[in-house]
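Please examine the sequence and the structure shown below. The briefing that follows is arranged by topic.

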Amino acid sequence: MSAKMAKYIGKRLLLAVVTVLLTICITFTVMHAVPSSPFNKAKALPPAVIIALEAKFGLDKPLTEQFFIYLKNVLRLDFGDSIYFRGVQVLDILKGGFKTSATLGLSAAALALAVGVFLGSLAALGREGIGDKLIQVVTTAMVSLPSFVLALLLLWTFGVWWPILPTRGDMPLGSLMPIISLSLYPMAYVTRLTRSSMLDVLGQDYIRTAYAKGLVKYKIIFKHALRNALTPIITYAGPMIAYIVCGSFVVEQIFSMAGLGKHFINSIQNSDYTMIMGTTILLSVVMVTLNFICDILYTVVDKRVDFS
């Protein structure tokens, strides 16, 4: 590892830590500014009981002191107990929800990248042909439809009109429709991005030189053209994966999946402060980490990246 790259990684790590800390600070401040109590959601409680509960969860201390106590606990991976689910640790709830959301999101992201890169390359190689035009029309339509609309269309088509797939995500094959719903929009975007990048690379001088030297066509395409065309795909891949993993709330609700989305929405409705904080921190760490990994992967795909 070169000194420039090590310095770059150090800067990115520092920026990632600062980003997460700012997210914690802003979320903590906004959450406590909301004029609602987490202890009066189900039924009105006597003032003495509310005072005791606030003391138990440390909500009776000054806001600044609460923040630093919470920050110290988070550094030890202690997110505290859920306010709504009494006696249950936030970390235990997050583990189960994250497993569901990560499996769903990563599967959708892998499908979007694999199919998107393939269709984009196919469209670029057959430029202005029937296949290229058809791919452009379909991807334009897919980009225009939000994932939750696609989820409802799939649910009605294959769960009601032609019931060949289960409508609940926790059933066998139940994750198939949620994965397709989450993957179609990024798949369309990756297809268009790959096509544009491939067309740019195929017009470069070194590609024409490779053809002139008589190199095999598939070797030129996959070893030279596609590899250099993947740089913008990697740029998009980090935020895309983070968006799918962290932004599948509505789709999870539609298919009744017990992922992070369900826990996050319930925690907001119930003013579950510890659960809101734990979910927000986890999602911010996932987004920052994925973006960091994609930044480092630039060096693997494109050696021309300058870290100065």
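How many aromatic pairs does a search of the whole structure find? The search finds six aromatic pairs, where rings of Phe, Tyr and Trp (its six-membered ring) pair if their centres lie within 6.5 Å. The model is predicted, so local features need pLDDT of at least 70 and side-chain atom pairs count only at pLDDT 80 or more, while totals for chains, interfaces and linings use all residues. Residues are numbered from 1 along each chain as its sequence is written, and side-chain values use heavy atoms, with hydrogens and water left out.

**Overall architecture**

- The protein has 13 helices and zero strands; helices (H or I, at least four residues) and strands (E, at least two) are DSSP runs, numbered from the N terminus.
- Along the principal axes, the C-alpha atoms fill a box of roughly 85 × 60 × 30 Å.
- Of the 308 residues in the protein, 42% are buried; buried means under 20% relative accessible area, exposed over 50%, and partly exposed in between (1.4 Å probe, protein chains only).
- The accessible surface comes to about 16,900 Å², and 68% of this surface belongs to carbon and sulfur atoms; accessible areas come from the Shrake-Rupley method with a 1.4 Å probe, and for residues only the protein chains shown count as cover.
- Among contacts with a separation of 6 or more, 75% involve residues 24 or more positions apart; contact means heavy atoms within 4.5 Å.

**Aromatic pairs**

- Phe-28 and Tyr-70 form a tilted pair, at 6.2 Å centre to centre and with 35° between the planes; planes under 30 degrees apart count as stacked, over 60 as edge-to-face and the rest as tilted.
- Because Phe-28 lies in helix H1 (residues 3-33) and Tyr-70 in helix H3 (residues 63-75), this pair ties together parts that are 42 residues apart in sequence.
- Phe-28 is buried, with a relative accessible area of 4%, and Tyr-70 is also buried, at 11% relative accessibility.
- A second tilted pair consists of Tyr-189 and Tyr-236, at 4.5 Å centre to centre and with 35° between the planes.
- This pair links distant parts of the chain, with Tyr-189 in helix H7 (residues 176-202) and Tyr-236 in helix H10 (residues 231-246), 47 residues apart.
- Tyr-189 is partly exposed at 35% relative accessible area, whereas Tyr-236 is buried at 18% relative accessibility.
- Phe-28, Phe-67, Phe-68 and Tyr-70 are linked into a cluster by ring pairs.

**Packing of two helices**

- Two packed helices are described by the angle and the distance between their axes.
- The axes of helix H4 (residues 90-125) and helix H12 (residues 260-269) come within 7 Å and cross at roughly 135°; axes are lines fitted to C-alpha atoms, for helices over the stretch in contact, and angles run from 0 to 180 degrees between N-to-C directions.
- H4 is therefore oblique to H12, since angles under 35 degrees count as roughly parallel, over 145 as roughly antiparallel, 65 to 115 as roughly perpendicular and the rest as oblique.
- H4 contributes Ile-93, Leu-94, Gly-97, Phe-98 and Ser-101 to the contact, and H12 contributes Leu-260, Gly-261 and His-263.
- By class, the contact of H4 with H12 has four nonpolar, four polar and no charged residues; Ala, Val, Leu, Ile, Met, Phe, Trp, Tyr, Cys and Pro count as nonpolar, Asp, Glu, Lys and Arg as charged, and the others, Gly among them, as polar.

**Loop residues with positive phi**

- Leu-77, found in the loop between H3 and H4, has a positive phi near 60° although this residue is not glycine; Leu-77 is exposed, at 58% relative accessibility.
- Glu-128, in the loop between H4 and helix H5 (130-143), is not a glycine but has a positive phi of about 65°; Glu-128 is exposed, with a relative accessible area of 52%.
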